[in-house]
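Hi there,

I am passing a structure on to you, with some notes on what turned up in it. Please have a look when you get a moment.

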Amino acid sequence: MSNKSKLDNDVKFRPNYKWPKEGTEKMCPKLNEPLQLQKNLPQFYGKPWWCHFCQWQFSEDDLKSEDFCKNHD
Ligand SMILES: [Zn+2]
């Protein structure tokens, strides 16, 4: 039980991104190129999706936002 609460505390230091299932495919909202899905590793603090072309990270919420393409240029 104490181990679990320690784990929960540690997890709070990581941004709480929703992680897609492995094998999910998404396109870059800007260039319409396939995004690379990062591995959900404990030491990885970035967002799940990476675009090689834009050199930009995306979260699931970023991809849902219609304004997102206008916000990053
Ligand atoms: Zn892109």
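Below are the notes, going from the overall layout to single residues.

First, some housekeeping. This is a predicted model, in which local features need pLDDT of at least 70, side-chain atom pairs count only at pLDDT 80 or more, and totals for chains, interfaces and linings use all residues. Residues are numbered from 1 along each chain as its sequence is written.

How confident is the prediction? pLDDT is the predictor's confidence in each residue, from 0 to 100. The chain averages 81, and 73% of the residues score at least 70. Among the elements, E1 has the highest mean pLDDT (97) and H1 the lowest (54). Where pLDDT is low, the predicted coordinates should not be read in detail.

Now the layout. The chain has 3 helices and 3 strands, in the order α-β-β-β-α-α along the sequence. Helices (H or I, at least four residues) and strands (E, at least two) are DSSP runs, numbered from the N terminus.

The strands form an open sheet of 3 with the order E1-E2-E3 and antiparallel pairing. E1 (36–37) and E3 are at the edges and have a single partner strand each, so one side of each is left without a neighbour in the sheet. Two strands count as paired if DSSP finds at least two bridges between them; E1 and E2 are joined in the antiparallel sense over 2 bridges. In one of the pairings, Leu37 has Trp49 in E2 as its bridge partner.

On burial, a residue is buried if 20 or more other C-beta atoms lie within 10 Å of its own, exposed if 12 or fewer, and partly exposed in between, with C-beta atoms placed from the backbone. Of the 73 residues in the chain, 7% are buried. As for contacts (C-beta atoms, placed from the backbone, within 7 Å), 30% of those between residues at least 6 apart in sequence join residues at least 24 apart.

The loop between strand E2 (49–51) and strand E3 (56–58) holds two residues to look at, Phe53 and Gln55. Phe53 counts as exposed because it has 12 C-beta neighbours inside 10 Å. Leaving out residues up to four places away in sequence, Phe53 touches Cys28, Leu31 and Glu33. Glu33 is 20 residues from Phe53 along the chain, and their C-alpha atoms are separated by 7.8 Å. Gln55 is exposed too, with 7 other C-beta atoms within 10 Å, and its phi is near 55°, a positive value in a residue other than glycine.

Most residues other than glycine have a negative phi, and most peptide bonds are trans. Asn32 also has a positive phi, near 60°. Asn32 sits in the loop between H1 and E1 and is exposed, because it has 8 C-beta neighbours inside 10 Å.

Pro15 is in the loop between helix H1 (2–11) and E1. With 9 other C-beta atoms within 10 Å, Pro15 is exposed. Pro15 and Lys47 are 32 residues apart in sequence, with 8.4 Å between their C-alpha atoms.

Finally, where is Asp61? Asp61 belongs to helix H2 (residues 60–64) and is exposed, with 11 other C-beta atoms within 10 Å. Asp61 and Lys18 are 43 residues apart in sequence and 8.3 Å apart in space, C-alpha to C-alpha.

Best wishes

Technical notes
Two residues are in contact if their C-beta atoms, placed from the backbone, lie within 7 Å.
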